[in-house]
Amino acid sequence: MKRNSIITLILTLAFAPIFAGQTDNMQVIEGAFPVKKYDKSQCEIIYIWDGVKMAGKITEPSKLAKKKNLPCVSVKKPSIELHLLKSDKPMPIVLICPGGAYNWLSINHEGKKIVDFFKSHNISSAILRYRVPNNMDGALMDAQRAIRILRANAKKWNLDPDKICIMGFSAGASLSARTSTNFATNSYEPLDDTDKLSSRPNLTCLIYPAYCSQPEKDRRIKNTKLAKEGVDYNTRYKIADWNIVSKETPPAFITQTQFDPYVDASLAYYLALKDAGVPAELHMLPKGAHGHQNPKVFEMLIHWLKSHKF
């Protein structure tokens with residue numbers, strides 16, 4: 001089947017998943033679903049490079065830091081914020097990567113609120129504060145190190161080292177995709193025994209991802225303009241060269257809206273996984289802008305995680 005036909009089939013099927021017959025009556029909520037109040041007192045902060053010399057460059061201060069009412073805009077000391085639930089058996093965990101165009105971290109909308117959502121479904125989670133602004137290499141190092149930290153402390157934290165899902169939003173989804181496709185090579189030289197462990201996540205969840213197609217990546221890194229007409233699908237949906245997809249790439253849950261300006265990221269990643277024979281679940285929605293979080297999709301995400309024994 002030609003790629004044009006595949007894209008048409010994806011868009012035809014994806015707009016009518018569980019929502020079939022409900023779309024007209026469904027309330028579209030921008031970034032809202034019921035969760036409990038975020039309680040930071042119940043978490044533990046782990047600085048992932050403590051005890052070793054941090055690999056890569058230190059993030060330079062952001063000019064945005066002087067502005068008020070912005071999310072986390074500068075991370076020099078990467079960390080994971082652990083929210084562990086009590087259980088009599090080892091628990092799965094979701095590592096959450098907030099978005100922010102690799103310039104800041106949307107900690108509230110794409111971090112704290114997501115922690116509360118997973119708590120309501122009895123799933124442990126952790127928020128990754130990776131290096132920003134404009135430190136893409138450092139961000140990947142942080143993500144790889146974070147997964148290794150989780151595995152190295154699995155017994156201490158009562159985690160199942162074979163049930164780690166990385167989940168990202170926007171640029172955080174880009175980082176999640178990069179982490180899921182670059183585990184075969186180290187982004188930094190091993191520094192201790194922790195770095196001998198695998199950095200491969202077992203599952204990947206991409207929520208309104210960005211920069212997963214080559215044109216989108218070039219626009220972000222090289223500031224090139226996207227061609228609006230006369231571009232064939234093979235070029236438009238080419239997987240970004242910093243995503244090395246193979247048959248060993250983790251299964252993925254992907255969701256985005258049709259009119260999100262970064263929607264090509266979802267299609268490019270899905271098609272690359274399809275070509276590699278990797279199981280992937282793609283949910284396209286007909287309404288909502290970039291940053292749209294639909295409660296029904298998050299319930300489907302829980303169903304998907306449970307199907308993988310999370």
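**The big picture**

What you're looking at is a predicted model. The protein has eight helices and eight strands. Of its 310 residues, 53% are buried.

As a bit of background, nonpolar side chains in soluble globular proteins tend to be buried together. Here the largest nonpolar core takes in 65 residues. Ile80, Phe118, Leu128, Met167 and Leu305 have the most contacts inside this core. Helix H3, residues 136–152, gives the largest share of the core, nine residues. There's also a second, separate core, with Cys212, Ala265, Leu267 and Tyr269 among its residues.

| Core | Residues | Some members |
|---|---|---|
| Largest nonpolar core | 65 residues | Ile80, Phe118, Leu128, Met167, Leu305 |
| Second, separate core | 17 residues | Cys212, Ala265, Leu267, Tyr269 |

Leu128 is worth a look of its own. Setting aside neighbours within four places in sequence, Leu128 is in contact with residues including Ile48, Ser79, Ile80, Leu95 and Ile96. Further along the chain, its partners include Asp142, Ala143, Ala146 and Leu175.

**A serine in a loop**

Now find Ser106, in the loop between strand S3 (91–97) and helix H2 (108–120). Is Ser106 buried or exposed? Its relative accessible area is 16%, so Ser106 is buried, the cut-off being under 20%. Ser170 is 64 residues away from Ser106 in sequence, yet their C-alpha atoms are 9.9 Å apart in space.

**The cavities**

Rolling a probe the size of a water molecule over the atoms shows where empty space is left. Searching the whole structure turns up two cavities of 30 Å³ or more. The largest cavity has a volume of about 70 Å³. It is lined by 13 residues, and the closest to its centre are Tyr208, Thr255, Gln256, Leu285 and His292.

Which elements give two or more residues to this lining? They are strand S7 (252–257) and helix H8 (295–307). S7 provides the largest share, three residues.

Conventions:
Residues numbered from 1 in each chain as written. Predicted model: local features only at pLDDT ≥ 70, side-chain atom pairs only at ≥ 80, totals over all residues. Heavy atoms only, no water. 1 Å grid on protein atoms, 1.4 Å probe; cavity = no way out; pocket = protein on both sides within 12 Å on 5 of 7 lines; lining within 4 Å. Points joined across faces, edges and corners; volume = space filled by probe spheres on them. Helix = DSSP H or I, 4+ residues; strand = E, 2+ residues; numbered from the N terminus. Buried < 20%, exposed > 50% of the residue type's maximum accessible area, 1.4 Å probe, protein only. Core = buried A, V, L, I, M, F, W, Y, C linked by side-chain atoms within 4.5 Å. Contact = heavy atoms within 4.5 Å.
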